[in-house]
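I opened the structure today to look up how its parts pack. My notes follow the display.

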Amino acid sequence: MRAEIKKIQDMMETADYVTDPAIAMSVHLAMTLKKPLLIEGHAGVGKTEIAKVMAKMLGTSLIRLQCYEGLDAAQALYEWNYPKQLLHIKLEESTTHTTSEKEAAIFSPPFLIRRPLLQAISEVGEPPVLLIDEIDRADEEFEAFLLEVLSDFQVTIPEIGTIKATQPPYVILTSNRVRELSDALRRRCLYMWIDFPGFEKEVRIVTRKVPGVNERLAREISRFMETVRTIRLAKVPGVAETLDWAQALSSLHADHLDEELVAETLGCVVKDADDIKRLKRELASGGIGRFVAAQS
Amino acid sequence: MEAPRDLMRATLAFGGMLRASGLPVTTPQVMDAIRALEAVDVMDRGEVYLAFRAVLVNRMEEQPAFDRCFEAFWKFHAEDGQGLDGLVSTVQPARAEEESDPGSIEAAREEQAQIALDDWDEGEASEGEPLEVPGVSDREVLMEQDFSTFPAEQLEEVARLTVLIAKRLARRVSRRRRPTRRGGIVDLRRSMRANLMKGEIIELRRRARRRRKVRLVLLCDVSGSMDLYSRFLLQFLYALQNVFGRVETFTFATRLTRVSDLLRGPSYKRALKRLTEVRDWSGGTRIGDAIREFNQQWGRLADRRTIVLILSDGWDTGEPDVLAQEMLTLKRRAGRVLWLNPLLGNPSYEPLTRGMAAALPLVDHFAAAHNLSSLRELAAHLTLR
């Protein structure tokens, strides 16, 4: 393995992110090829975490753009500070400045609100990590706009001029696949699919993140989660749920799983009323043994 | 390290192989793959695999096909001690042995060349002569005639007319979208400018709220006699496509196939003709299964702003219960569900097949789409309200 990739993997582990070669490789390529990295996967498998760890690793700032339906350029790129402009106009009312002077004054950098994309482009010093979170929630029109920004990392503000990034930021996009993303965006990015972790990886994550959990409990939790994910649920629990649960069990000073304990804490594992019912039924029919018994 | 020439050629060949297996890999992506090789240990199979995967795979669904191709591509024998040469020299034989369909790359290449030529032909033809539209009286007859009754030599002409009508409709729709003076959202930036000298905002400038485009998902039955109707419907909707946000197309007989990428190319007309080649003839039509496959694998393509069109005669050899169940799931997810059944053009037809009867209560609009005038009427139903 290339030393750089190994180094990334080690650094991610030091930053408390349990990783695997595929993730390290994607991060490595995103950094060397200077291409945006699109990460897809179920909710709660640690997509957003990668950007945070990357910023920590590089010792640079993390700029986050959370997407939502109706997100537009004014929220993502920049906006003029209208109340401040208005106030300024009011204060200047009695002065003899001409209209064009007034105009130049209020459409100048002090009146500009920099939103995440502009922030990422105009950052001085080390290039930051730009996290565009849940891009699938934004509209298709926004996606097209984003594509433009990502292709040349420059923004033209009519009143000020063109701002170009001296060093393009590292870009991470995440998607939960609520909506299918355009092919154009996909082609522009490196791609990574993060699946639910395998048994061994999940054990490592639990022991790493929740120190109060002993080895036996961590293995039982991971085995339980592995089995739960094979049941048809409306919302399949991710790693976030595993950690919630482990945290809860840890604060109850549990050292192994038993039926009573599971029944009491099931709400940490699944968070949908129908799912809880279904899981209880499964537990009642097969007993906890089916969920915890080593399948190896 | 600069990637050696041979390695570059091998990567290009691999790109071609992926394309032949249906992955939409672009040339810039292949160039990136070559650049990626400089950043990894090319002697390490695992690393090359991960690097290629990150660069060349666009979505999770493509991964199995990618894995198969990579397996065939990389016949790396450590013991021959040749390293890179081992990789490069095995490219040729690997292709011949491992492909399930030998020579498919060659076939795909030829096909591509063919398409390119076709494009050129089309370009030639459409440049010189103006689009011929038959005289008025002829046209009225054409409008009402069922697609299946046209003689083969007239189909081309009818197809042109289909596109012409669609384009006219598209123009009308886009004109209707013009922003209004009242309503909409306040445009603070322009208001600020307009009121600079007044000291406060007196006059508000507005801009129309952007209208979101409706998306279409087409599920086209291409079994037997339905094939012809599918082609006209597709022709019609694709000519309308700038009115819509996105058009996704699937064909089905027994299995569902996504053909959107195939249809997106410039030589769309030829692609349309190739659609029939992917058809499987065995076992009749199983509409319920096809819709289930859509719901499970492609459900995210349909949301409240999506209109789903199903074109089928409703002759279903599957279970009506399955069809009803899946139609319900689809209806819950999509904005509107339209069912087009060309048999409806026949006045004596009644939707009595079990499949049709099961699906009908769950459909928002039921129409014929069997001739030009019915396609034109269909356009009125392609809105969400």
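I am working with a predicted model, in which local features need pLDDT of at least 70, side-chain atom pairs count only at pLDDT 80 or more, and totals for chains, interfaces and linings use all residues. Residues are numbered from 1 along each chain as its sequence is written, and chains are lettered from A and ligands numbered from 1 in the order in which they are written.

**Entry 1: chain A against chain B.** I looked up the contact (C-beta atoms, placed from the backbone, within 7 Å). It takes 36 residues from chain A and 36 residues from chain B. On the chain A side, helix 2 gives the most, with seven residues. Strand 9 (190–194) of chain A is among the elements that supply at least two residues each. I noted the classes on this side: 15 nonpolar, five polar and 16 charged. Ala, Val, Leu, Ile, Met, Phe, Trp, Tyr, Cys and Pro count as nonpolar, Asp, Glu, Lys and Arg as charged, and the others, Gly among them, as polar.

**Entry 2: a helix pair in chain A.** Helix 12 (residues 239–251) and helix 13 (residues 259–269) of chain A have axes 8 Å apart and pack at about 145°. Axes are lines fitted to C-alpha atoms, for helices over the stretch in contact, and angles run from 0 to 180 degrees between N-to-C directions. Residues meeting there include A:W245 of helix 12 and A:C268 of helix 13. I found five nonpolar, one polar and two charged residues in this contact.

**Entry 3: a helix pair in chain B.** The axes of helix 14 (residues 287–298) and helix 15 (residues 320–333) of chain B come within 8 Å and cross at roughly 30°.

How values were computed
Helix = DSSP H or I, 4+ residues; strand = E, 2+ residues; numbered from the N terminus. Contact = placed C-beta atoms within 7 Å.
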